[in-house]
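This report describes one protein model for a reader who is new to structural analysis. Please keep the sequence and the structure in view while reading.

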Amino acid sequence: EAHVRKWVHEIIIGLNLCPFAEKSARGSYQHKLQDGTMQTLNMMDISVTHRKDPEDILHCVMVEMLIREQFPGTTLVVCPECHPSDFDAFLDLVAILDEKEIPQSGLEGKIQIA
């Protein structure tokens, strides 16, 4: 996770590849818990999964999307073992999320896969 956070700061923010990344990476907000206490949540979270099976990865991403529906911000789902040498296969998995899973979950227009 630390490597990804460093990469975001040095490459994505440092080279200004995404105009929204800096605000998300540096931001946080307060959320009131059921017991009345306040919790600080990061605007950007990083979830690393070492799963290889596409169904496991889809499940991981869907869980993160449901969390973000309730707690807005950005989540980077990092899956280094997911087709590391076959980018087209990785893009096929992203297409399943974008074209099937998001519309079926009711999150279309609320969640963006980038």
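## Basis of the report

The model is predicted, so local features need pLDDT of at least 70 and side-chain atom pairs count only at pLDDT 80 or more, while totals for chains, interfaces and linings use all residues. Residues are numbered from 1 along each chain as its sequence is written, and side-chain values use heavy atoms, with hydrogens and water left out.

## Overall layout

The protein contains four helices and four strands. Helices (H or I, at least four residues) and strands (E, at least two) are DSSP runs, numbered from the N terminus. Along the sequence they follow the pattern α-α-β-β-β-α-β-α. The C-alpha atoms fill a box of roughly 45 × 35 × 25 Å, taken along the principal axes.

The protein has 114 residues, of which 27% count as buried. Buried means under 20% relative accessible area, exposed means over 50%, and partly exposed lies in between (1.4 Å probe, protein chains only). Among contacts with a separation of 6 or more, 54% come from residues 24 or more positions apart; a contact means heavy atoms within 4.5 Å.

## Helix α3

Helix α3 (54-70) has 17 residues and reaches 25 Å from its first C-alpha to its last, close to the 24 Å expected at 1.5 Å a residue. The expected span is 1.5 Å times one less than the number of residues.

Which residues of α3 are buried? They are Ile57, Leu58, Cys60, Val61, Met62, Glu64, Met65 and Arg68. The buried residues of α3 pack against β1 (28-32), β2 (38-42), β3 (44-48), β4 (74-78) and α4.

## The nonpolar cores

A nonpolar core is a set of buried Ala, Val, Leu, Ile, Met, Phe, Trp, Tyr and Cys residues joined through side-chain atoms within 4.5 Å. The largest one has twelve residues, including Ile57, Val61, Met62, Met65, Leu97 and Ile111. Two or more residues come from each of α3 and α4 (87-105), and α3 gives the most, with five residues. Apart from this core lies another, of eight residues, among them Val4, Ile12, Ala25 and Met44.

Met62, found in helix α3, counts as buried because its relative accessibility is 14%. Leaving aside neighbours within four places in sequence, Met62 is in contact with Leu97, Glu101 and Ser105. Met62 and Leu97 are 35 residues apart in sequence and 8.4 Å apart in space, C-alpha to C-alpha.

## Loops and surface

Asn16 is placed in the loop between α1 and α2, and has a positive phi of about 55° although it is not a glycine. Asn16 is exposed, with a relative accessible area of 58%. His83, in the loop between β4 and α4, also has a positive phi, near 50°. His83 is partly exposed because its relative accessible area is 29%.

Leu17 lies in the loop between α1 (2-13) and α2 (21-26), and is exposed, with a relative accessible area of 53%. Together with Trp7, Ile11 and Leu15, Leu17 makes a nonpolar surface patch of about 410 Å². Patches are made of residues with over 30% relative accessible area and no salt bridge; like charges are joined within 9 Å, and nonpolar side chains (Val, Leu, Ile, Met, Phe, Trp, Tyr) within 5 Å. A salt bridge is a side-chain nitrogen of Lys or Arg within 4 Å of a carboxyl oxygen of Asp or Glu. Accessible areas come from the Shrake-Rupley method with a 1.4 Å probe, and for residues only the protein chains shown count as cover.
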